[in-house]
Amino acid sequence: QVQLVESGGGLVQAGDALRLSCAASGRTASNYAMGWFRQAPGKEREFVAAISWSGSVTRYADSVKDRFTISRDNAKNTVFLQINSLKPEDTAVYFCAARMVFALTALAGTRPRDYDNWGQGTQVTVSS
């Protein structure tokens with residue numbers, strides 16, 4: 001198991017940028033593919049972005065691919081989500097997730113059930 005802690009959320013204005021962080025601890029020596037999801041009030045948790053263990057492969061939801069960038073620093077056991085040009089519809093709790101993989105370039109998937117480990121989330125609120 002790996003423990004995940006998100007940070008970097010907050011109250012921002014439309015057009016601002018944020019960088020979310022997800023710090024991993026525990027069995028970080030294992031190979032983990034990572035993902036970011038978000039959940040707005042009254043809505044299902046939705047996929048945002050994913051990154052392979054090596055960091056060389058990424059995938060984005062079509063709705064965010066022009067504004068979001070996922071990256072990772074394995075030396076620091078941290079995954080990042082850079083969000084630019086924030087919109088009110090980006091308001092949600094953002095979760096990071098992890099799944100052990102056995103290939104450096106493997107992604108975990110785009111469904112919540114594709115992941116085994118979850119953080120508690122960080123709130124992002126965008127005012128218009």
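Colleague: Which hand does the disulfide of Cys 22 and Cys 96 have, and why?

Modeller: In this predicted model, the disulfide is right-handed, because the torsion about the S-S bond of Cys 22 and Cys 96 is about 50 degrees.

Colleague: How many disulfides does a search of the whole structure find?

Modeller: The search finds 1 disulfide.

Colleague: Cys 22, buried or exposed? And Cys 96, buried or exposed?

Modeller: Cys 22 counts as buried, because its relative accessibility is 1%. Cys 96 also has a relative accessibility of 1% and therefore counts as buried.

Colleague: Let us step back to the overall fold. How many helices and strands does the protein have?

Modeller: There are 0 helices and 11 strands. Read from the N terminus on, the order of elements is β-β-β-β-β-β-β-β-β-β-β.

Colleague: What is the radius of gyration, and what would a compact globule have?

Modeller: The protein has a radius of gyration of 14 Å, which agrees with the value near 14 Å that a compact globule of 128 residues would have. The C-alpha trace spans about 45 × 30 × 25 Å along its principal axes.

Colleague: What share of the residues is buried?

Modeller: Of the 128 residues, 42% are buried. The accessible surface comes to about 6,600 Å², and 47% of that surface belongs to carbon and sulfur atoms.

Colleague: What share of the contacts comes from residues 24 or more positions apart?

Modeller: Such residues account for 61% of the contacts with a separation of 6 or more.

Colleague: And the charges? How far apart are the mean positions of the positive and negative ones?

Modeller: The protein has 14 positive and 11 negative charges, and their mean positions are 5 Å apart.

Colleague: Is Gly 26 buried or exposed?

Modeller: Gly 26 counts as exposed, because its relative accessibility is 54%. Gly 26 is found in strand S3 and, leaving out residues up to four places away in sequence, touches Gln 1 and Gln 3.

Colleague: How far is the C-alpha atom of Gly 26 from that of Trp 53?

Modeller: Those C-alpha atoms are separated by 16 Å, with Gly 26 and Trp 53 lying 27 residues apart along the chain.

Colleague: On to the other end. Where is Val 126, and what is it in contact with?

Modeller: Val 126 is in strand S11, residues 122–127. Apart from neighbours within four places in sequence, Val 126 is in contact with Val 12, Gln 13, Ala 14, Leu 86, Lys 87, Pro 88, Asp 90 and Thr 91. Val 126 counts as buried, because its relative accessibility is 6%.

Colleague: What separates the C-alpha atoms of Val 126 and Asp 90?

Modeller: The separation is 6.8 Å, for residues 36 apart along the chain. Asp 90 is also one of the residues that Arg 67 touches.

Colleague: Where does Arg 67 lie, then?

Modeller: Arg 67 lies in the loop between strand S6 (58–60) and strand S7 (68–73). Its relative accessible area is 12%, so Arg 67 is buried. Among the residues that Arg 67 touches are Gln 82, Ile 83, Asn 84 and Ser 85.

Colleague: What is phi of Ser 85?

Modeller: Phi of Ser 85 is near 50 degrees, a positive value in a residue other than glycine. Ser 85 lies in the loop between S8 and S9 and is partly exposed, because its relative accessible area is 41%.

Colleague: And what about phi of Asn 77?

Modeller: Asn 77 is not a glycine, yet has a positive phi of about 50 degrees. Its place is in the loop between S7 and strand S8 (78–83). With a relative accessible area of 27%, Asn 77 is partly exposed.

Definitions and conventions:
Residues are numbered from 1 along each chain as its sequence is written. This is a predicted model: local features need pLDDT of at least 70, side-chain atom pairs count only at pLDDT 80 or more; totals for chains, interfaces and linings use all residues. Side-chain values use heavy atoms; hydrogens and water are left out. Helices (H or I, at least four residues) and strands (E, at least two) are DSSP runs, numbered from the N terminus. The radius of gyration is taken over C-alpha atoms; the globule rule is 2.2 Å times the number of residues to the power 0.38. Buried means under 20% relative accessible area, exposed over 50%, partly exposed in between (1.4 Å probe, protein chains only). Contact means heavy atoms within 4.5 Å. Accessible areas come from the Shrake-Rupley method with a 1.4 Å probe; for residues, only the protein chains shown count as cover. Lys and Arg count as positive and Asp and Glu as negative; His and the chain ends are not counted. The place of a charge is taken as NZ of Lys, CZ of Arg, CG of Asp or CD of Glu. A disulfide is a pair of cysteine sulfur atoms within 2.5 Å.
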